[in-house]
Amino acid sequence: MLRRSAALKLELAANAAPVLDIVGACERAIRSGGKLIFCGNGGSAADAQHLATELVIRLRGAVARESWPAMTLAMDTSAVTAAVNDFGVEEMFARPLRGLGRAGDVLFGITTSGRSVNVLHALQAAREMGIVTVGFLGGDGGAALPLCDFAVVVPDSETARIQECHITLGHAVLTLLEDRLVG
């Protein structure tokens, strides 16, 4: 398991361009008063919450900085369950995004299959709203890939290995972003 996880990360590291593009989009959003928004299901929802917290609270203890605007669309259980009840699971992220997102923000859609219908609807809504779309995807990227302005696809089918890469990618993006913004 560890060798496979390491091999996938080395494969992703061989092409840093997508990660650097994502960092650039995030930097532009933060510098212009925008925010980073994350969504995903299950373990990917936990990753979304984890990454948003790293921005709002702190990523590295040795770096003194202000809190940066970030959120996850799965944080408010009342909103999530109301959206599912009233509009269906497809809209559980898109519905709150339409109220909370603004042009110039960045939406991270995290899906290990690239086929999570609620993430797909959120990515589509973001596109319609002028929100930059980022995908942390798995497999071949699935239906999410064409909805993303920037994406990193973990070329594997095992959910756990993909999630391990997604959180590593998230930490890489946020570390580089922090380096750029704090200087």
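This passage describes the overall fold of a protein chain and then the surroundings of selected residues.

The structure is a predicted model, in which local features need pLDDT of at least 70 and side-chain atom pairs count only at pLDDT 80 or more, while totals for chains, interfaces and linings use all residues. Residues are numbered from 1 along each chain as its sequence is written, and side-chain values use heavy atoms, with hydrogens and water left out.

The protein chain contains seven helices and five strands, where helices (H or I, at least four residues) and strands (E, at least two) are DSSP runs numbered from the N terminus. Their order along the sequence is α-α-β-α-β-α-α-β-α-β-β-α. The radius of gyration, taken over C-alpha atoms, is 15 Å, close to the 16 Å that the globule rule (2.2 Å times the number of residues to the power 0.38) gives for 183 residues, so the protein chain is as compact as a globular protein of that length. The C-alpha trace spans about 45 × 40 × 25 Å along its principal axes.

Of the 183 residues, 47% are buried, a term that denotes under 20% relative accessible area with a 1.4 Å probe, protein chains only. Contact is defined as heavy atoms within 4.5 Å; among contacts between residues at least 6 apart in sequence, 71% join residues at least 24 apart.

Residue D156 is located in the loop between β5 (150-154) and α7 (159-182). D156 has a relative accessible area of 12% and is therefore buried. Its side chain reaches the backbone nitrogen of E158 at 2.9 Å, a polar contact, that is, a pair of N or O atoms within 3.5 Å, of which, within protein, one must be able to donate a hydrogen and the other to accept it, residues adjacent in sequence counting only if both atoms are side-chain atoms. With neighbours within four places in sequence set aside, D156 is in contact with R4, L8, G138, G139, R161 and I162.

Helix α4 comprises residues 77-87, and at its start a side-chain oxygen of D76 comes to within 3.0 Å of the backbone nitrogen of S78. Just after α4, G88 adopts a positive phi of about 95°.

Residue N118 belongs to helix α6 (residues 117-129). N118 is classed as buried because its relative accessibility is 3%. The side chains of N118 and N41 are joined by a polar contact of 2.8 Å. When residues up to four places away in sequence are not counted, N118 touches N41, V89, E90, M92 and F93.

Terms used
Buried < 20%, exposed > 50% of the residue type's maximum accessible area, 1.4 Å probe, protein only.
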